[in-house]
Amino acid sequence: MNEPRITVLNKGVWNESKQIEYSMGDGINEPLEGISIMKAQKYNKKKIAYVTCIDDELEDIDVTYIKMDIEGAELNAIMGTKNTIIKNKPKLAVCVYHKTSDFWKIPAYIKTLNEDYSLYLRHHCNFNSWGTVLYAK
């Protein structure tokens, strides 16, 4: 990539910097597609990922837009973006369909950080809940 404004980090986002275990399923009872922290507890095919919080990585950067589709880690990642959201009030596009509770937990948490956000929920898929995104501006 030849874009000076973009820095790629080989890490996932979370609410703290640490290592986490994840799995891709067992390939028999559950397809290998998609990763999951919950699957790591169920299957022995565990892998290690390094995660960090956005606040630590972007502390001195004015952030204007954040998009998250991170397979159920959105709430933890938003929690690790607390200071960035308070300081910069970036526009947000956050998937909320991975966990049922994300439909209310993520908007409620965002509003605690900045009650001036206007929140919009948009569904981008015709046949299931996949693609439901919370927009905040």
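Select Lys 11 and Glu 57: their side chains form a salt bridge, with the closest N and O atoms 3.3 Å apart. A salt bridge here is a side-chain nitrogen of Lys or Arg within 4 Å of a carboxyl oxygen of Asp or Glu. Lys 11 sits in the segment before strand 1 (12-13) and Glu 57 in helix 2 (residues 54-57), so this pair ties together parts that are 46 residues apart in sequence. Helices (H or I, at least four residues) and strands (E, at least two) are DSSP runs, numbered from the N terminus. Lys 11 is partly exposed, at 44% relative accessible area, and Glu 57 is also partly exposed, at 29%. Buried stands for under 20% relative accessible area, exposed for over 50%, and partly exposed for what lies in between (1.4 Å probe, protein chains only).

The model is predicted: local features need pLDDT of at least 70, side-chain atom pairs count only at pLDDT 80 or more, and totals for chains, interfaces and linings use all residues. Residues are numbered from 1 along each chain as its sequence is written, and side-chain values use heavy atoms, with hydrogens and water left out.

Next, select Lys 18 and Glu 16, whose side chains meet in a salt bridge at 3.5 Å, N to O. Lys 18 is partly exposed, with a relative accessible area of 37%; Glu 16 is partly exposed at 38%. The count comes to two salt bridges.

Now go to Val 13, in strand 1. Val 13 has 25% relative accessibility and counts as partly exposed. Show its surroundings: apart from neighbours within four places in sequence, Val 13 is in contact with Thr 52, Ile 54, Ile 70 and Ala 77. Contact means heavy atoms within 4.5 Å.

Zoom out to the whole chain. There are five helices and seven strands, in the order β-β-α-β-α-β-α-α-β-α-β-β along the sequence. Of the 137 residues, 37% count as buried. Among contacts with a separation of 6 or more, 58% join residues 24 or more positions apart. Accessible areas come from the Shrake-Rupley method with a 1.4 Å probe; for residues, only the protein chains shown count as cover.

Select helix 5 (residues 102-113). Helix 5 has twelve residues and reaches 16 Å from its first C-alpha to its last, close to the 16 Å expected at 1.5 Å a residue; the expected span is 1.5 Å times one less than the number of residues. Which residues of helix 5 are buried? They are Asp 102, Ile 106, Pro 107, Tyr 109, Ile 110 and Leu 113. These cover an arc of only 160 degrees around the axis, which puts them on the same side of helix 5. The arc is that of the directions from the helix axis to the C-beta atoms. Show what they pack against: helix 3 (74-79), helix 4 (82-88), strand 5 (91-95), strand 6 (119-123) and strand 7 (132-136). Turn to the other side of helix 5, where Trp 104 and Thr 112 are exposed.

Finish with Phe 103, Trp 104 and Leu 121, which form a nonpolar patch on the surface with about 330 Å² of accessible area together. Patches are made of residues with over 30% relative accessible area and no salt bridge; like charges are joined within 9 Å, nonpolar side chains (Val, Leu, Ile, Met, Phe, Trp, Tyr) within 5 Å. Phe 103 is partly exposed, with a relative accessible area of 31%.
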